[in-house]
Amino acid sequence: MSTRRALLVVDVQPTFCEGGSLPVAGGSAVAQAIADFAAARRDDYDLVVTTQDWHIDPGHHFSDHPDFVDTWPPHGIAGTPEAALHPALADLAPDVMVRKGAFQAAYSGFEGTDESGRDLAALLDAAQISAVDVVGIAESHCVRATALDALGHGLRTRVLTDLTVPVTPELGTAARAELAAAGVELTASSAL
């Protein structure tokens with residue numbers, strides 16, 4: 001059976017880009033790079049999935065005095081422009097859109113559901129996906145968690161290292177080491 005591959009575009013939202021409420025340096029450039037890659041390589045994927053932080057009341061995840069480890073400033077507020085997909089992705093036309101974290105932290109896209117309530121694992125299973133490429137923001141947090149969960153779900157998992165950006169270089173280094181040790185393939189999109 002031939003490999004069916006999905007592109008998982010994780011949390012590419014204005015809230016995580018320059019000018020957003022929880023910005024990651026380089027976020028907007030990564031958003032554009034992902035848009036360009038998807039436009040050029042769309043036919044390589046059987047399914048394109050976006051995930052979004054979509055917080056309503058995520059409890060202790062939000063804090064007025066965040067530690068930036070377990071607690072964060074409010075971000076990705078459901079229904080706001082900051083929680084929408086980044087404008088660079090306007091032409092992406094994803095096959096599936098998953099939103100996560102309404103009432104909890106939810107770092108992994110696998111904690112999210114589509115509008116009919118199906119979770120990401122079920123959506124990938126329904127499409128007979130056996131391999132995923134993970135891109136998005138931030139490499140050290142939601143991209144890392146999504147890739148590890150994809151691997152745990154039995155999917156061949158790659159993180160496209162030039163199409164993601166960490167919160168800090170140090171956290172990015174740690175995330176890449178953890179991903180590689182778990183068995184996630186790390187590769188640049190240009191090497192595909």
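Helix axes are taken here as lines fitted to C-alpha atoms over the stretch in contact, and the angle between two of them runs from 0 to 180 degrees between N-to-C directions. The structure shown is a predicted model, and everything that follows should be read with that in mind.

Two packed helices are described by the angle between their axes and the distance between the axes. For helix α3, residues 139-152, and helix α4, residues 169-182, the angle is about 5 degrees and the axes lie 10 Å apart. Angles under 35 degrees count as roughly parallel, and α3 and α4 are therefore roughly parallel to each other. On the α3 side the contact is formed by E139, S140, H141, R144, A147, L148 and L151, while α4 contributes L171, G172, A175, R176, E178, L179 and A182. Sorted by class, the residues in this contact are seven nonpolar, three polar and four charged.

Turning to α4 by itself, the helix has 14 residues and spans 20 Å from its first C-alpha to its last, close to the 20 Å expected at 1.5 Å a residue. Its buried residues are G172, A175 and L179, and seen down the helix axis they fall within an arc of 65 degrees, so they line one face of α4. The cover over these buried residues includes α3, strand β5 (156-165) and strand β6 (185-187), whereas the face turned away from the buried side carries the exposed residues E170 and A181. After α4 comes G183, whose phi is positive, near 110 degrees.

The buried residues of α1 are G27, V30, A31, I34, A35, F37 and A38, and because they cover an arc of only 165 degrees around the axis, they sit on the same side of the helix. Among the elements that cover them are β1 (5-10), β4 (131-137) and β5, while A29, A39 and A40 are exposed on the other side of α1.

Strand β5, which is part of the cover of the buried residues of α1 and also of those of α4, contains R156. Leaving out residues up to four places away in sequence, R156 touches T3, R5, S130, A131 and V132. By contrast, the C-alpha atoms of R156 and W54, which are 102 residues apart along the chain, are separated by 27 Å.

Several backbone details in the loops remain. The peptide bond from I137 to A138 is cis, with omega near -5 degrees, and A138 belongs to the loop between β4 and α3. In the loop between β2 (47-53) and β3, A93 has a phi near 50 degrees, a positive value in a residue other than glycine. Q128 likewise has a positive phi, near 55 degrees, without being a glycine; Q128 lies in the loop between α2 and β4 and, at 52% relative accessibility, counts as exposed.

Terms used:
Residues numbered from 1 in each chain as written. Predicted model: local features only at pLDDT ≥ 70, side-chain atom pairs only at ≥ 80, totals over all residues. Heavy atoms only, no water. Helix = DSSP H or I, 4+ residues; strand = E, 2+ residues; numbered from the N terminus. Parallel < 35°, antiparallel > 145°, perpendicular 65-115°, else oblique. Contact = heavy atoms within 4.5 Å. Nonpolar A, V, L, I, M, F, W, Y, C, P; charged D, E, K, R; others polar. Expected span 1.5 Å × (residues − 1). Buried < 20%, exposed > 50% of the residue type's maximum accessible area, 1.4 Å probe, protein only. Arc of directions from axis to C-beta.
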